[in-house]
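Hello,

Please take a look at the structure below. My notes on it follow.

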Amino acid sequence: MGILLSISIPTYNKAGYLRIALDSIFEQIDNSIKDKVEVCVSDDASDDETDKIVGHYRRLYKNLIYFRWDKNNGAAGKNFFKAVEISSGKFCWLIGGDDLLEPNSIKYMLNEFQQNPDIDLYWANINLYDIDNNIIPNKDSGIYKHDIIFNNSRDAMKHMGTHFGQITSLIFNTDRWKDAKNKEYYYKYSYPQLYPLFTMLKNGSKLKYLSTRLGGYRYGNSAFFPKDTYKRFHILISEHDRITKDIFGKNSPEAEIINKLVMKHHIFPTILYFVKLSPYYSISFQLKAFKLLCRTYWMHSFFYLYMPKIMFILFCPAFILKFICFI
């Protein structure tokens with residue numbers, strides 16, 4: 001029968017968290033499924049103990065594939081795609097090197113594949129963990145309280161579009177992922193997975209949302225440092241906009257949907273988050289952010305609908321915004 005599920009882990013300098021991730025996986029793999037599941041680690045030339053930790057698990061488990069780059073790629077995309085490339089499973093679960101899988105989640109997905117042979121793409125609910133490996137209370141990452149199947153790209157983008165940035169929630173048909181050509185163009189992107197995933201949706205793949213919490217995401221462990229606040233803001237807006245237009249077209253309903261979702265649900269809380277990183281929230285950031293918003297959204301009618309709210313939050317004095325954050 002061969003490998004049914006590959007759990008692919010792109011990682012870089014997260015040896016301690018990677019050990020937790022691997023423990024959360026191999027503790028679930030018993031004799032009944034050991035020949036159906038493999039783990040694939042792509043190491044972006046870590047200079048910590050990542051190779052030693054992976055070596056330890058390789059001596060214990062035969063279905064662990066390890067690839068290590070000779071030098072760091074400088075961007076996440078190439079390593080993301082390599083983690084999938086070295087896999088051989090019919091389905092692939094792409095998780096972060098600092099994330100984890102919840103108990104029994106692997107058997108849960110193996111059963112899903114059997115029960116739903118026409119589904120190519122899953123988005124699983126997740127728990128949020130702090131950097132000390134504790135579940136964060138009152139952080140409900142769930143979108144819906146029950147499972148839902150989306151049969152076309154517009155419905156999938158409308159309900160799930162801006163959630164695809166979290167890789168640990170995503171499980172997909174490996175062949176359908178590999179159908180997306182010229183992925184190397186997106187190596188430099190921070191959300192490179194959007195390209196093959198949106199391509200799958202365009203090509204007719206069905207998406208199933210799973211309300212059960214199957215994974216764990218490390219909250220507050222961003223790779224972006226405080227001085228990179230504008231870079232993070234630029235990535236949020238420009239990558240969703242560019243990738244959606246590349247795949248569906250500049251004037252497509254899907255591009256309109258994604259841009260509206262980013263504007264409506266992400267700009268306001270993102271700016272509030274950056275205020276917390278003061279003094280790096282500055283007039284320079286405000287002006288560049290406003291310019292980017294205008295350049296990206298000026299042709300969309302919803303931009304002018306949300307403009308008063310955006311103008312207030314973007315140019316409001318920082319001490320007022322900090323008070324809002326406090327409340």
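Let me start with one residue. Asp-118 has a relative accessible area of 42%, so it is partly exposed (buried is under 20%, exposed over 50%, partly exposed in between, with a 1.4 Å probe and protein chains only). Lys-206 is also partly exposed, at 27%.

This is a predicted model, in which local features need pLDDT of at least 70 and side-chain atom pairs count only at pLDDT 80 or more, while totals for chains, interfaces and linings use all residues. Residues are numbered from 1 along each chain as its sequence is written, and side-chain values use heavy atoms, leaving out hydrogens and water.

**Salt bridges**

The whole structure holds eleven salt bridges (a side-chain nitrogen of Lys or Arg within 4 Å of a carboxyl oxygen of Asp or Glu).

- Lys-206 pairs with Asp-118, with the closest N and O atoms 2.9 Å apart. Lys-206 is in the loop between H7 and S9 and Asp-118 in the loop between H4 and S6, so the bridge ties together parts 88 residues apart in sequence (helices, H or I, have at least four residues and strands, E, at least two; both are DSSP runs numbered from the N terminus).
- Asp-30 meets Lys-107 at 2.7 Å, N to O. Asp-30 lies in the loop between H1 and S2, and Lys-107 in H4, so this pair ties together parts 77 residues apart in sequence.
- Arg-154 bridges to Glu-254, the closest N and O atoms being 3.9 Å apart. Arg-154 sits in H5 and Glu-254 in H9, 100 residues apart. Glu-254 is buried, at 7% relative accessibility. Arg-154 is partly exposed, at 47%.

Best wishes
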